[in-house]
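Here is a friendly walk through some of the labels used for this model. Each answer sets a value against its cut-off.

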Amino acid sequence: MYDWYEIGALDDIPRLGSRVVQTPHGEVAIFRTSDDQAFALRDRCPHKGGPLSQGIVHGHRVTCPLHNWMLELESGQAVAPDVGCATHYPVRLEADGRLFLGLNNVVSLPTAAPATA
Amino acid sequence: MKERLVLVGNGMAGMRTIEELLAIAPDKFDITVFGAEPHGNYNRIMLSPVLAGEKTVEQIMINDLPWYEEKGIHLHAGQAVVEIHRSRREVRAADGTVAPYDRLLLATGSNPFILPLPGNNLQGVIGFRDIHDVETMLAATRSGKNAVVIGGGLLGLEAANGLMKQGMQVTVVHVLDTLMERQLDPVAADMLRTTLEERGLRFLMGANTAAILGEDRVRAVRFKDGLEIPTDLVVMAVGIRPNIELAKKAGIYCERGIVVNDTMQTYDPRVYAVGECVQHRGQCYGLVAPLWEQAKVCANHLARFGIGSYQGSVTSTKLKVTGIDLFSAGNFNGGPGCEEIVLRDPARGVYKKLVVKENRVQGAVLYGDTVDGSWYFQLLRENTDIGAFRETVLFGHAHMADSGRDGFSVMTMADDAEICGCNGVCKGTIVKAIAEKKLFTLDEVRAHTKASASCGSCTGLVEQILAATVGTIGKTPAEKPMCKCTEHSHDTVRAAIRERHLTTLRDVFTTLDWKTPDGCHSCRPALNYYLISTWPHEAQDDQQSRFINERVHANIQKDGTYSVVPRMWGGLTSPKELRAIADVADKFQIPTVKVTGGQRIDLLGVKKEDLPKVWADLNAAGMVSGHAYGKSLRTVKTCVGSDWCRFGTQDSTGLGVKLEKMTWGSWTPHKFKMAVSGCPRNCAEATIKDFGVVCVDSGYEVHVGGNGGIKIRGTDLLCKCATEEEVKEYCGAFMQLYREEGRYLERTAPWIERVGLSYVKSRIVEDADNRKALYGRFLDSQKHAQVDPWAERASGYKDAHEFQALRQVG
């Protein structure tokens with residue numbers, strides 16, 4: 001099951017834009033499309049780790065700023081012919097415009113890598 | 001209920017229209033197709049290779065019968081339509097089948113012209129048009145051994161070659177003295193004839209056929225001079241006639257073909273027509289490329305999108321005879337005012353001729369080496385000024401690229417030779433992808449292999465590989481659409497923005513029927529630029545349509561950090577500025593500090609959230625954004641000039657500073673660099689800049705259109721100026737002309753090669769009023785542009801969301 005975290009309001013994100021939420025899973029990019037839906041992907045392109053939150057959003061897709069890979073916002077899948085996938089997370093948009101991000105079992109995850117001797 | 005569309009003619013033009021229609025309006029019509037031939041839809045152009053035994057009928061099928069079922073199309077194969085009843089809006093087929101329509105599409109193609117000779121109805125006398133003809137010919141090769149082909153044009157030679165390959169003794173009869181006179185000049189025609197004779201074809205030139213002899217079956221052909229040659233087969237390939245019987249009977253207006261307007265509509269508004277049966281602006285076409293263009297336009301209007309008009313086609317031809325490379329396009333015979341550029345190498349069997357008028361290609365004939373056919377055709381269609389590379393144009397496009405080797409052909413390269421240096425793609429990979437994934441276009445090759453998808457300098461090589469691998473399907477390098485979101489080219493879109501006064505992206509999307517809801521990463525930045533450069537006071541700069549670098553006013557690096565370059569006017573700096581830079585680097589632990597090629601200092605590895613604070617500190621020392629990240633004015637590089645240098649003739653540094661103060665903050669189609677050198681020794685390298693000034697004792701030489709980069713280009717001398725004021729006027733006017741007419745992401749170098757230096761001179765040097773008007777528009781648009789983007793953001797009131805995380809959770 002997901003733990004749901006309030007992350008702000010839809011209007012905190014510009015249309016066709018994106019903002020980053022810092023989570024124990026790493027940085028998660030929250031996207032707002034032109035039809036006012038919100039999507040969340042890990043902020044790392046499966047190609048060379050580019051920050052997807054800095055890309056150009058169009059339709060339900062984002063283009064990575066580093067090498068123009070395109071990813072589906074709904075699934076995180078790269079658009080063919082590229083092959084790859086960015087982790088995607090569920091986002092819930094309340095009627096009052098508040099956004100919630102669903103994260104898996106965050107509590108049980110270590111917040112930082114354990115130091116090794 | 002869906003509207004009913006009936007197509008008469010299951011050939012290439014008609015079905016291409018249906019395919020285009022299904023792509024844009026899949027559910028609009030209930031579609032019924034009548035075809036006289038009992039097959040699915042096949043590629044008629046490839047009949048010659050089938051005849052020659054190089055391909056099978058299955059291999060040239062475009063859509064087989066299951067495809068029609070899958071698409072829900074009712075196909076009546078083998079059913080010729082015999083009547084159109086226009087008032088009842090229905091068609092009737094030979095077997096009595098009746099199909100009602102709301103829209104009717106005629107694509108009845110053409111018939112081979114059969115000479116009115118005695119004996120032309122004997123068995124064994126045929127045209128060369130469809131699968132049935134090919135089957136008849138193949139049957140004849142099994143029983144007989146002699147064949148006569150009447151007609152030494154494209155089709156006749158392909159038929160003759162095929163029959164010869166099947167083991168027949170073939171004589172080609174042609175009424176004129178040169179072969180393929182509609183495509184070749186006499187020199188190329190003679191070379192072709194020699195090659196074909198060496199392969200075993202016989203030719204009778206200047207021969208008039210008098211009669212075909214035989215009882216039931218053809219036995220011989222007799223000529224006017226009395227000569228008789230025995231034969232088992234006669235193929236008539238003397239031309240085609242648009243098949244207009246059906247339309248004529250139905251009272252639809254026809255001349256040579258069915259007359260259509262620019263939307264492919266006939267005189268009956270419910271009836272459209274495409275393909276070889278059509279007469280458009282007085283012209284009938286028998287080649288494939290025009291059909292594709294007609295199909296696109298027609299589908300668009302059938303779908304009621306109502307955009308796109310067919311303006312006629314310039315055509316090119318290739319001969320599909322294996323081992324013979326031949327290409328022709330346009331006006332290849334020249335005429336008044338035309339010049340011919342010719343390369344002829346009998347030993348290699350190569351002949352190339354370009355017909356040129358005022359440095360624009362009018363026509364081309366290539367024999368033996370046709371690799372550059374599509375390039376010349378593009379130069380022809382785009383009316384490119386070839387003045388700058390005229391002396392090497394016949395050596396080909398590859399010669400223009402970095403690799404510039406003489407006699408270079410990409411297909412002679414090894415499979416592991418690297419084609420795309422940016423993405424590390426070698427030739428073998430590209431060939432393999434084209435073959436395995438059945439790629440047909442440059443875009444597809446880019447998508448699958450990434451070759452030429454980055455800097456684009458290897459595009460020509462990739463196109464050559466594509467051409468050589470796919471073969472010779474005639475493709476027209478039309479004006480390229482901006483991207484997959486639209487059919488319109490950059491120039492069309494831009495004209496629409498100006499003429500229809502479009503000021504927002506949404507206006508553009510709706511007015512020009514964009515296919516995607518928000519465009520894409522490729523078209524949005526271009527559109528945003530066109531909007532703000534066309535309507536500087538009205539259009540809103542759309543931040544979400546800018547590439548990240550222009551959105552956050554810094555350069556993204558491979559690890560997601562940014563680089564920051566403050567402006568140093570004319571390359572001048574001071575102890576105070578250097579101290580501030582050093583302090584910023586210390587304070588924000590900036591890992592790399594580097595001097596750039598543009599005489600400034602680059603701070604690399606700045607974290608995004610630190611950007612506003614870094615800028616605030618730099619602003620405090622008086623520095624502003626250097627726009628090192630933008631499609632905009634970058635730097636003005638200078639040498640020290642007459643203030644210090646013993647050779648300096650003018651104050652080059654001072655002029656550089658003035659130019660930079662005037663032009664900074666302006667957005668341009670691509671980056672724009674300047675330089676001012678104080679003497680002809682040119683220490684500031686002004687002759688590889690977009691705009692360069694070389695000071696001389698008597699004034700200033702103004703140079704334009706240079707760049708370093710992928711393909712170095714030295715500048716062209718635009719003019720000489722006497723005063724700094726004049727230089728500023730030329731500078732502003734030149735930038736404005738480029739801003740208004742250059743395509744997005746086209747630097748001044750390719751722009752000038754496209755439009756020609758003489759054009760630029762005519763607008764700026766020879767037309768003083770126009771120069772002043774351009775300069776005025778430039779200064780006017782600068783009123784809104786010269787705001788330091790760093791200061792706006794450092795103070796925290798603009799685009800704060802760009803630099804802060806939304807929230808931290810967990």
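Apart from its neighbours within four places in sequence, B:Ala364 is in contact with B:Phe327, B:Ser328, B:Ala329, B:Gly330, B:Phe332, B:Lys353, B:Leu354, B:Tyr376 and B:Leu380. Two residues are in contact if their C-beta atoms, placed from the backbone, lie within 7 Å. This is a predicted model, in which local features need pLDDT of at least 70, side-chain atom pairs count only at pLDDT 80 or more, and totals for chains, interfaces and linings use all residues. Residues are numbered from 1 along each chain as its sequence is written, while chains are lettered from A and ligands numbered from 1 in the order in which they are written.

Q: Which residues touch the most other members of the largest nonpolar core?
A: B:Ala364 is one of them, along with B:Val149, B:Leu192, B:Val234 and B:Val235, in a core of 63 residues. A nonpolar core is a set of buried Ala, Val, Leu, Ile, Met, Phe, Trp, Tyr and Cys residues joined through C-beta atoms within 7 Å. Helix H5 (residues 154–165) of chain B gives the most to this core, seven residues; helices (H or I, at least four residues) and strands (E, at least two) are DSSP runs, numbered from the N terminus.

Q: Why is B:Ser758 called partly exposed?
A: B:Ser758 has 15 C-beta neighbours inside 10 Å. A residue is buried if 20 or more other C-beta atoms, placed from the backbone, lie within 10 Å of its own, exposed if 12 or fewer, and partly exposed in between. The count of 15 therefore makes B:Ser758 partly exposed. B:Ser758 lies in helix H23 (residues 757–764) of chain B.

Q: What puts the buried residues of H14(B) on the same side?
A: In helix H14 (residues 490–499) of chain B, the residues B:His490, B:Val493, B:Arg494 and B:Ile497 are buried. They cover an arc of only 95 degrees around the axis, so they sit on the same side of H14(B); the arc is that of the directions from the helix axis to the C-beta atoms. An α-helix has 3.6 residues a turn, so residues three or four places apart point the same way. The face turned away from the buried side of H14(B) carries the exposed B:Asp491 and B:Glu499.

Q: What makes E2 of chain A and E39(B) a pair?
A: Two strands pair if DSSP finds at least two bridges between them. Two bridges join strand E2 (residues 17–23) of chain A to E39(B), so the pair qualifies, and the strands run parallel. A:Val21 stands opposite B:Arg807 in E39(B).
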